[in-house]
Amino acid sequence: MTGPGPYDPFHNSVPSASPYCDSVGAYLLGVLDDADATRFEFHLADCDACGAELDSLSGLGPLLAEYAAGVADPMASPSPDLLERLMREVSEERARKRRKRFVLVAAAAALIIGGPVIAASVSSSGSPSGSGSTVSAATPSAAAVARAADVASGAVAVVSMVDKGWGTDVSLTLRGAKGPQKCYLVAVSKDGEQETVSTWSVPAAGYGVPGHPDPLVVEGGTGFARKDIAHFEVRTSTGTTLVTVDT
Ligand SMILES: [Zn+2]
C-alpha cells in the first residue's frame, strides 16, 4: 500500500505537480542548496513548464551570474512584477525547506530594487494619461537561456546569450565539472563552423561537485549572431564532450 510518500524527483509520474516547478526563482537567486540545484537542473531538462519559466526570467540569469562573480551590472535589472514573483517563489522555497543561503538573495534583491531601470519605470508610471500603465523601460534585456544536463559526465550547463552588434555575448554556468582538467566552450553555428567562446582550468576540487559546490561561471563571446548558433559544447582538452547545449 502506497500513500503519498516523500517526493522523489526521479519517479514522478505527475510532472505538473512537481515541487521543483515552484523553484525556478529560488534556483535563479541561488537559494537552493547544491544538491537541490543539481536536481532542479536535471528536472529542468525534462520540464517544458520550468523551461518556459526560466526563459521568461532570462534577464536575471546574467545579472546573478555577474553578481556571483563580483562584477554586478545594475543595468540588467528586471521588471517589478518579475521581482515580486521571484521573491514570492523564494519565500515559498524558504518556508518549505528552511535553507539558509540568504546572503545572495538579499544582495540580489538590493541590486534589483536599487537598479536604475526600476527607478525610471517608477517615475514614468506617474503619467496623467492614466489607466494603461506602460513600463516598457523595465523589460529585461533580451537574453536567451539554454540548458542541458549530461547524465554520463554529470555536467550541467546553463548558457545565457545576448545579441550584440559584434555577435553574441555568452555566459556559462557549469556544475558537475570534475578536476583537474582544462576545458573550453565552443559555439557551433548552423553552418557547422566552430568558435571557441572561452577556456578555463578546473582545479582538482572541481566545480559544482560534492566538497566544492560553487559552480563555474565564465563569460565570453562569439562572432556568430545568436540566431546562427546551433549549439554549444563544453569540451575537455583531451577531446571529450562533457555536455552539449542546444540553443
Ligand atoms: Zn518543472
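**Ground rules.** I number residues from 1 along each chain as its sequence is written, and side-chain values use heavy atoms, with hydrogens and water left out. Because the model is predicted, local features need pLDDT of at least 70 and side-chain atom pairs count only at pLDDT 80 or more, while totals for chains, interfaces and linings use all residues.

**Zinc site.** I looked up the donors of the zinc ion first. Cys21 (SG), His43 (NE2), Cys47 (SG) and Cys50 (SG) coordinate the zinc ion at 2.0 to 2.3 Å. I took donors as N, O and S atoms within 2.8 Å of the metal (3.2 Å for Na, K and Ca); water is not among the atoms, so sites may look incomplete. Along the chain, the donors are spaced C-x21-H-x3-C-x2-C. I then checked the geometry. The angles among the four donor atoms are 104 to 114 degrees, and the site is tetrahedral. For four donors, that label requires all angles to lie between 85 and 135 degrees. Ideal tetrahedral angles are 109.5 degrees.

**Burial and cysteines.** I called a residue buried under 20% relative accessible area, exposed over 50%, and partly exposed in between (1.4 Å probe, protein chains only). His43 and Cys50 are buried. Cys47 is buried too, at 9% relative accessible area. I searched the whole structure for disulfides (cysteine sulfur pairs within 2.5 Å). The search found zero.

**Strand β7.** Strands here are DSSP runs (E, at least two residues), numbered from the N terminus. Two strands pair if DSSP finds at least two bridges between them. In β7 (residues 229–236), seven of the eight residues are buried, so the strand is largely enclosed by the rest of the structure. β7 pairs with β4 (residues 181–189) in the antiparallel sense over seven bridges. One of the bridge pairs is Val186 with Glu233 of β7. Five bridges join β7 to β8 (residues 241–246), also antiparallel. I found Arg235 opposite Thr241 in β8. The hairpin of β7 and β8 has four residues between the strands, and Gly239 takes a positive phi near 95 degrees.

**Open sheet.** I traced four strands in the order β1-β2-β3-β6, with antiparallel pairing. β1 (143–149) and β6 (216–222) stand at the edges with a single partner strand each, so one side of each has no neighbour in the sheet. β1 and β2 (residues 156–164) share seven bridges. Val145 has Ser160 as its bridge partner in β2.

Conventions
Tetrahedral: all angles 85-135°; square planar, octahedral: opposite > 155°, others 65-115°.
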